[in-house]
Amino acid sequence: MWTVKEAWKKNLDKAWLVGLVVIDEISKILARQSGNFVTNGGVGWGIGLGGMGLWLVLGVVVVGLIKFADKWWEKLLLAGGIANLIDRLGNGAVTDFINLRGLWINLADIMISVAVVGAIISYINENKNSLRK
């Protein structure tokens with residue numbers, strides 16, 4: 001049985017995750033309406049590797065992991081992954097609209113990148129003693 005505090009935290013975590021996905025989707029809609037975007041059928045950060053079947057499998061795995069995401073970077077990774085998956089399923093490709101000198105990305109890519117850095121920092125912090133040997 002959950003306490004009120006645990007239930008509140010779980011619902012807040014879900015709202016945070018959904019909120020990030022919604023913000024990403026709104027930003028992509030606005031980018032498509034403005035005409036200032038490119039589509040990316042590849043992996044991410046403009047890297048062109050295709051394979052819709054792979055994305056569907058990864059999407060199922062990501063959605064399955066939602067239940068187990070406890071750390072902030074896990075939730076951020078899920079939000080970015082889900083946002084890009086929605087774009088792939090809806091449009092067949094991801095909408096990128098932030099141009100970093102020819103490297104096109106979107107907010108979901110930024111979420112995923114920050115999550116990866118968070119995972120690395122978390123791993124280092126959790127394994128300080130064994131990494132020093």
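The legends below describe close-up views of one predicted model. Local features need pLDDT of at least 70 and side-chain atom pairs count only at pLDDT 80 or more, while totals for chains, interfaces and linings use all residues. Residues are numbered from 1 along each chain as its sequence is written, and side-chain values use heavy atoms, with hydrogens and water left out.

**View 1. The chain has five helices and four strands.** Helices (H or I, at least four residues) and strands (E, at least two) are DSSP runs, numbered from the N terminus. The order of elements from the N terminus on is α-β-α-α-β-β-β-α-α. Of the 133 residues in the chain, 31% are buried (under 20% relative accessible area, with a 1.4 Å probe and protein chains only). Contact means heavy atoms within 4.5 Å. Among contacts between residues at least 6 apart in sequence, 69% join residues at least 24 apart.

**View 2. Helix 3 (residues 72-91) packs with helix 4 (residues 107-126).** The angle is about 155° and the axes are 8 Å apart; axes are lines fitted to C-alpha atoms, for helices over the stretch in contact, and angles run from 0 to 180 degrees between N-to-C directions. Helix 3 and helix 4 are therefore roughly antiparallel, a term for angles over 145 degrees. Residues making the contact include Trp 72, Trp 73, Leu 76 and Gly 80 of helix 3 and Asp 109, Met 111, Val 114 and Gly 118 of helix 4. By class, this contact of helix 3 with helix 4 has 12 nonpolar, five polar and one charged residues. Ala, Val, Leu, Ile, Met, Phe, Trp, Tyr, Cys and Pro count as nonpolar, Asp, Glu, Lys and Arg as charged, and the others, Gly among them, as polar.

**View 3. Helix 1 crosses helix 4 at roughly 140°.** The axes of the two helices come within 9 Å. Leu 20, Ile 23, Asp 24, Ser 27 and Lys 28 of helix 1 meet Leu 107, Ala 108 and Met 111 of helix 4. The classes here are five nonpolar, one polar and two charged residues.

**View 4. The largest nonpolar core has 13 residues.** Such a core is a set of buried Ala, Val, Leu, Ile, Met, Phe, Trp, Tyr and Cys residues joined through side-chain atoms within 4.5 Å. Leu 17, Leu 20, Val 21, Leu 76, Ala 79 and Met 111 touch the most other members. Helix 1 (4-34), helix 3 and helix 4 each supply at least two residues of this core, and the largest share, six residues, comes from helix 3.

Definitions and conventions. Parallel < 35°, antiparallel > 145°, perpendicular 65-115°, else oblique. Buried < 20%, exposed > 50% of the residue type's maximum accessible area, 1.4 Å probe, protein only.
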